[in-house]
Amino acid sequence: MKCNKVAVRRALHVAATESLPCREHEIEALSKFLSNRVQEVIDAPGAAYVSGPPGTGKTACVQLVLSQLSDQFLNAYINCTFVKSELDLLKRIAEEFNIGLAQGVKTADQIEKSIHRHLKRKNAKRAVLVLDEVDQLEGGRGQKALYRLFEWPLKLGDAFTLIGIANALDLTQRQLPRLAARGAANGPLLLSFAPYTKQQLMEVLEHRLISVGASGAFEASALELLAAKVASVSGDARRALDIGRRALEVGSRKRPASVLGPSNENEESKVGPLHVRKILDSVFGGMEEGPQLPLQHQIVLACLLILKRAPVKKATIAKIHEVYSGVCKKKRLTAVSRSELLNICQLLEAEGAVRIAGSGLVALQWDHDEVADSLSDKSLLADILRN
């Protein structure tokens, strides 16, 4: 299948947020929160505090939900990283809501009153203010502003809704104790975003590729390697997308025709685990030792050790699969297909355990002790070799 690499690069860009897989629960919670404001549900929170590590979809989810409800709210967005003081923040809020301040209005209290009058106008559209990186307001330049803004929904009612976004999980408890003292009914909705797991990152990447008809642009083992590494370090989807985009730029190598047979001679080049590994090494400075290999990977390594000891002159994918299938049968395990076995070998190649030659031959690079160290069950290798 032909893939438009420009479209693939665009799909892997962090700004592409038309849909957000694996964040359905958070989107539903935000939608319900804003719908309650529209329906004027009694005691519904007037503010939301969205927290979580970088790259977990906080801002993207908020923007997606607000775009779906754009006809019901007047939205304003401010990144607090660039806010210098409480007065500066209030002036920016007035500017975002297109509120013209009278010449004599200069103090924070005066600007606040002007904003409140504007937002409480008869037939005025409900206002939603999104403050991103709100934890940047901690300390002298913004501490007072946090108290002031989180109390606005109590003063303005359904006319105003505040959504604060930050990396800190406990800012409301640590810096806004007065809000907590008011009780759960009037306190902000707390919504926490967890780091993406390996499976979720794979789903995010696959979703982006499928959206442009490029599901075959990456080998399965390459996506698995990318997702596993990023999940183990940070769970940052933006980092995973960036690495995927850079791996695409590195180029792709053609799969040897002899590996799976003549029918694959015209298969289009794909981004493989070695390309991903190259970018991972440049980003993380070399891939440190990770968790134990999956069971199927361990069995393949044991089979390669069997073939190396035989010795077998040509350890082809077909020969490896023959030995592997026999082992799985004796162990009463479900064997993977030959193509899936190739993906496992490519992932093992990215780990440095094997080397796949251009002719499709697989050579074990690790010795007996290194293979044994990679097995979670040390008796497994001895049992396989014995039988």
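Let me begin with a term: two residues are in contact when they have heavy atoms within 4.5 Å. Among contacts in the protein chain between residues at least 6 apart in sequence, 75% join residues at least 24 apart.

What we are looking at is a predicted model, in which local features need pLDDT of at least 70 and side-chain atom pairs count only at pLDDT 80 or more, while totals for chains, interfaces and linings use all residues. Residues are numbered from 1 along each chain as its sequence is written, and side-chain values use heavy atoms, with hydrogens and water left out.

The protein chain has 18 helices and 7 strands; these are DSSP runs, numbered from the N terminus, with helices (H or I) of at least four residues and strands (E) of at least two. Of its 387 residues, 48% are buried. Buried means under 20% relative accessible area, exposed over 50%, and partly exposed in between, with a 1.4 Å probe and protein chains only.

I turn now to Arg23, in the loop between helix H1 (5–11) and helix H2 (24–38). Is Arg23 buried or exposed? Arg23 counts as buried because its relative accessible area is 3%. The charged end of Arg23 sits over the ring of Tyr196, 4.1 Å from the ring centre. The rule here asks for NZ of Lys or CZ of Arg within 6 Å of the ring centre and within 35 degrees of the ring normal. Beyond its neighbours within four places in sequence, Arg23 touches several residues, including Thr56, Cys61 and Phe193.

The next topic is a pair of helices. Helix H5 (residues 108–119) and helix H6 (residues 143–156) pack at an angle of about 40°, their axes being 12 Å apart. Axes are lines fitted to C-alpha atoms, for helices over the stretch in contact, and angles run from 0 to 180 degrees between N-to-C directions. On the H5 side the contact involves, among others, Ile115 and Leu119, and on the H6 side residues including Arg148 and Trp152.

Trp152 also brings us to the aromatic rings. Rings of Phe, Tyr and Trp (its six-membered ring) pair if their centres lie within 6.5 Å, with planes under 30 degrees apart stacked, over 60 edge-to-face, and the rest tilted. The count comes to 1 aromatic pair. Trp152 and Phe160 form this edge-to-face pair, at 5.3 Å centre to centre and 70° between the planes. Trp152 is buried, at 0% relative accessibility, and Phe160 is likewise buried at 0%.

Finally, Glu95 of helix H4 (residues 86–96) is exposed, with a relative accessible area of 59%.
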